[in-house]
Amino acid sequence: MDQLESLDDSETISEASPSIEIVPFKTSRDSLGVFLLHGNLDIWVKEASNLPNMDFVRNTFGDMFGMFPESVGGKTEDKNTSNKNTSDPYITVSVANAVIARTYVIINNENPVWLQHFYVPVAHYAAEVQFVVKDSDVVGSEIIGAVGIPVEQICSGTKVEGTFPVLSGSGKPCKPGAVLSLSIHYTPMAKIPLYYGGVGSGPEYYGVPFTYFPLRKGGKVTLYQDAHVENSCLPNFGLENGVEYVQGNCWRDIFEAIKNARRMIYITGWSVYHLVRLVRDDDNIMDSTLGDLLKDKSQEGVRVLLLVWDDPTSRSILGYKTDGIMGTNDEETRRFFKHSSVQVLLCPRSAGKGHSWAKKQEVGTIYTHHQKTVIVDADAGQYKRKIVAFVGGLDLCLGRYDTPKHAIFSTLQTVHKDDYHNPNFTGPSVGCPREPWHDLHSRIDGPAAYDVLTNFEERWIKASKPHGIKKMKSSHDDSLLKIERIADIIGIADAACLSDEDPESWHVQVFRSIDSSSVSGFPKDPKDAPRRNLVCGKNVLIDMSIHTAYVKAIRAAQHFIYIENQYFLGSSFNWASHKNLGANNLIPMEIALKVANKIRAHQRFSVYIIIPMWPEGVPTSTPIQRILFWQNKTMQMMYDVIYAALEEVGLQNEYEPQDYLNFFCLGNRETLDSQLISDSGNSNAANTPQAQTKKSRRFMIYVHSKGMIVDDEYVIVGSANINQRSLEGTRDTEIAMGAYQPNYTWATQQSNPHGQIYGYRKSLWAEHIGGVEQCFERPESLECMRQIRWMSEQNWKQYAAEEVSEMRGHLLKYPVDVDRTGKVKPLPGFETFPDVGGNILGTFTAIQENLTI
């Protein structure tokens with residue numbers, strides 16, 4: 001699995017869990033009702049006055065014994081205060097204990113002025129919105145006091161504005177005269193035009209608002225499924241205007257793009273392995289490795305830069321080598337290019353300067369750089385070059401090459417002979433099935449490709465900045481090409497490759513999850529963060545526009561949502577238990593509320609979600625069981641919301657939650673080929689997962705995709721999973737693109753759009769189901785939902801049967817039972833995964849949780 005998971009306690013939230021704010025005292029004397037906030041909050045945190053000196057004890061002892069210098073923990077004194085240290089206040093804004101906004105820290109000030117504005121989406125049941133005043137310190141933070149605004153008052157629609165006492169645990173002000181000046185205004189979903197009418201159209205539509213990168217027009221996008229699609233492997237689809245949908249060959253296109261580059265090749269990856277072969281169906285080039293190709297290009301004078309996550313568990317020191325827990329081959333790749341002109345920068349995931357020691361250890365050890373991009377210059381005609389970028393879920397490493405057939409045994413001696421990957425066993429896996437790999441990727445041609453380049457440049461500059469003793473040396477990293485100085489490379493202003501009048505034109509927007517500890521170019525002054533559409537963390541500025549893009553797309557959906565993702569968990573603030581886990585992303589709750597609102601309006605809506613059968617790794621292991629447990633909590637919460645809506649309108653006897661929302665996974669079986677040698681293994685180990693999978697000749701297809709299609713008009717593809725570590729912005733670094741064709745939207749067509757996104761969705765479904773069904777034309781329909789669900793149930797029966805048979809389709813019902821009231825239970829006879837074990841619903845052990853979310 002390519003997102004390292006670790007363990008902590010769900011109910012014990014510490015400095016390492018900034019997503020949760022638990023106020024240990026009441027901020028209201030009244031008994032308050034709980035209401036749903038679903039819309040946007042417009043918040044101003046203005047200023048505080050007369051805050052107490054939380055550093056009083058330290059200052060007193062320092063004065064008495066000279067124990068502390070005048071500046072402690074990197075503090076700088078405010079010009080308007082006395083010389084001694086005092087509180088370093090900041091504010092968190094929370095709903096249902098989930099932090100939705102945070103101001104920057106003001107050093108040494110008992111009368112801080114922030115004047116910070118927040119415009120945040122909410123989908124929470126809560127009694128209060130709490131403004132918590134905190135004192136920042138080197139060892140963590142301490143609550144000074146809090147202000148609670150009743151949600152009932154906020155829901156009235158009037159702006160709540162004023163100066164409020166900052167209360168302590170006694171129910172009285174934390175200090176006489178301590179007050180906080182703020183305003184908060186709630187706009188419910190029904191009153192936000194942005195979320196109606198789908199993706200939008202016309203020159204007045206500016207894409208997803210409040211993002212770092214703007215919507216770019218006049219582009220072209222190629223959408224990929226899997227690393228390679230063989231000829232005639234999938235059916236052809238006719239689109240509008242006589243266009244035929246053609247499946248692209250991702251790794252072949254990347255190979256050709258690198259081969260034809262003349263100026264630059266920039267690659268980012270969680271893993272980049274020099275021995276991987278991108279092309280495996282062409283005798284002339286199939287022996288060419290990525291490493292050899294990049295060396296050849298660098299020798300031609302092409303600038304080749306690799307920005308690869310530095311796995312902290314892999315090391316090569318004085319000849320002593322460790323491969324690393326995650327098996328990214330980062331050290332091997334670095335050594336391969338060491339004496340070449342290819343520059344490899346192994347980039348650790350580091351926390352910002354102002355973080356506590358514990359936070360720095362957590363970030364550096366556990367979180368990753370997860371972006372996967374390839375950026376090259378390409379022919380633009382008329383002797384000019386342009387920038388083209390590949391963005392998605394595929395790393396250029398072992399285990400990723402696959403086709404829609406997803407072979408598990410039959411290619412072990414051919415295309416996967418030197419590329420066996422299956423980390424789901426404990427111990428040797430000789431003769432076992434490979435782990436098939438399903439993924440989504442994209443190619444961007446046009447102005448948005450230059451934003452992907454900007455992301456690389458911002459990350460490279462930050463990662464190559466000298467640290468420690470190297471700071472003493474005069475250095476200047478001139479590795480990055482300054483394309484504005486290269487006459488034959490066109491700039492972003494001239495990069496549009498298709499005009500708006502061209503019906504095949506695309507509008508594209510780049511999104512990220514990243515913070516100022518991983519990029520350069522963010523404002524030095526946190527007051528300037530809103531101007532760049534960045535969010536304040538305690539000591540960092542954050543771009544969390546991937547989360548913003550998902551929320552906007554879900555809210556704007558009118559007919560159906562189709563998701564493929566490696567993980568699916570979140571909205572823990574609305575779970576029945578473990579509410580304070582900190583998995584606060586809104587995506588599951590937004591989807592559930594979308595369905596519920598459609599039910600209340602007596603309108604059809606369908607949601608299809610494909611996830612792996614289990615997260616990559618040994619399914620009985622503690623981390624995998626924990627993730628499955630959180631995933632089950634997420635599913636149950638969503639079905640509860642949907643069933644409540646059915647009950648509310650009296651439709652619970654006519655429909656059931658699975659008429660609106662279904663979860664699926666992928667799997668494959670292969671009958672024994674007499675030409676292949678079957679290694680039955682040691683008879684004494686007949687009950688091991690290895691022996692069982694060889695006997696049953698089946699295995700899950702690992703869904704590594706990170707994408708969503710809405711209404712056949714909008715698509716998001718990238719590196720971000722639907723979990724907290726991918727969406728929070730301060731954990732794993734991510735990149736994604738959102739795109740649509742303005743000529744193929746519901747607003748333009750006034751009917752089902754039949755552009756490239758429609759073709760992409762149908763092609764993916766044809767891969768998973770093994771053919772094309774008429775109901776594919778209306779994915780929102782009850783007929784389509786029930787037909788696909790029935791087919792997935794039949795496929796599961798074939799997958800789980802004792803008898804081995806070839807599978808035409810790979811789409812399986814996710815192996816849980818959801819009854820008519822939405823209760824998620826073990827599937828009878830399948831409490832554990834076939835062959836490999838592990839509880840399908842997951843298990844929870846009371847260890848502090850922070851990282852499997």
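This is a predicted model: local features need pLDDT of at least 70, side-chain atom pairs count only at pLDDT 80 or more; totals for chains, interfaces and linings use all residues.
**Entry 1. Overall make-up**

I began with the protein chain as a whole. I counted 15 helices and 34 strands in the protein chain. Of its 853 residues, 60% are buried. I then looked up how far apart in sequence the contacting residues lie. Among contacts between residues at least 6 apart in sequence, 75% join residues at least 24 apart.

I then took Phe568 by itself. Leaving aside residues up to four places away in sequence, Phe568 touches several isoleucines, including Ile563, Ile587, Ile591, Ile609, Ile611 and Ile722. Its contacts also include Pro588, Gln631, Thr634, Met638 and Phe663.

**Entry 2. Helix 3 against helix 4**

I looked up the axes of helix 3 (residues 250-259) and helix 4 (residues 290-299), which come within 10 Å and cross at roughly 20°. Angles under 35 degrees count as roughly parallel, so helix 3 is roughly parallel to helix 4. On the helix 3 side, the contact is made by Phe255, Ile258 and Lys259. Helix 4 contributes Leu290, Leu293, Leu294 and Lys297.

**Entry 3. Helix 8 against helix 9**

For helix 8 (residues 545-556) and helix 9 (residues 587-600), I found axes that come within 9 Å and cross at roughly 5°. These two helices are therefore roughly parallel to each other. Tyr550, Val551, Ile554, Arg555 and Ala556 make the contact from helix 8. From helix 9 it is made by Ile587, Glu590, Ile591 and Lys594.

**Entry 4. Aromatic pairs**

I recorded 27 aromatic pairs. Why is the pair of Tyr212 and Phe213 edge-to-face? The ring centres of Tyr212 and Phe213 are 4.9 Å apart and the planes stand at 90°, so the pair is edge-to-face; the cut-off for that class is over 60 degrees. Tyr212 is buried, at a relative accessible area of 12%, and Phe213 is buried at 4%.

I next examined Trp614 and Phe699, an edge-to-face pair with 5.6 Å from centre to centre and 75° between the planes. This pair links distant parts of the chain, 85 residues apart. Trp614 lies in the loop between strand 25 (606-610) and helix 10 (622-648), whereas Phe699 belongs to strand 27 (residues 698-700). I noted Trp614 as buried, with a relative accessible area of 1%. Phe699 also counts as buried, at 1% relative accessibility. Ring pairs join Trp614 and Phe699 with Phe425 and Phe833 in a cluster.

**Entry 5. Charges over rings**

Last, I looked up charged side chains over aromatic rings. How far is the charged end of Arg512 from the ring centre of Tyr212? I found it over the ring of Tyr212, 4.7 Å from the centre. Tyr212 thus has Arg512 over its ring and Phe213 as an edge-to-face partner. The charged end of Lys295 sits over the ring of Phe336, at 3.9 Å from the ring centre.

How values were computed:
Residues are numbered from 1 along each chain as its sequence is written. Side-chain values use heavy atoms; hydrogens and water are left out. Rings of Phe, Tyr and Trp (its six-membered ring) pair if their centres lie within 6.5 Å; planes under 30 degrees apart count as stacked, over 60 as edge-to-face and the rest as tilted. Buried means under 20% relative accessible area, exposed over 50%, partly exposed in between (1.4 Å probe, protein chains only). Helices (H or I, at least four residues) and strands (E, at least two) are DSSP runs, numbered from the N terminus. A charge sits over a ring if NZ of Lys or CZ of Arg is within 6 Å of the ring centre and within 35 degrees of the ring normal. Contact means heavy atoms within 4.5 Å. Axes are lines fitted to C-alpha atoms, for helices over the stretch in contact, and angles run from 0 to 180 degrees between N-to-C directions. Angles under 35 degrees count as roughly parallel, over 145 as roughly antiparallel, 65 to 115 as roughly perpendicular and the rest as oblique.
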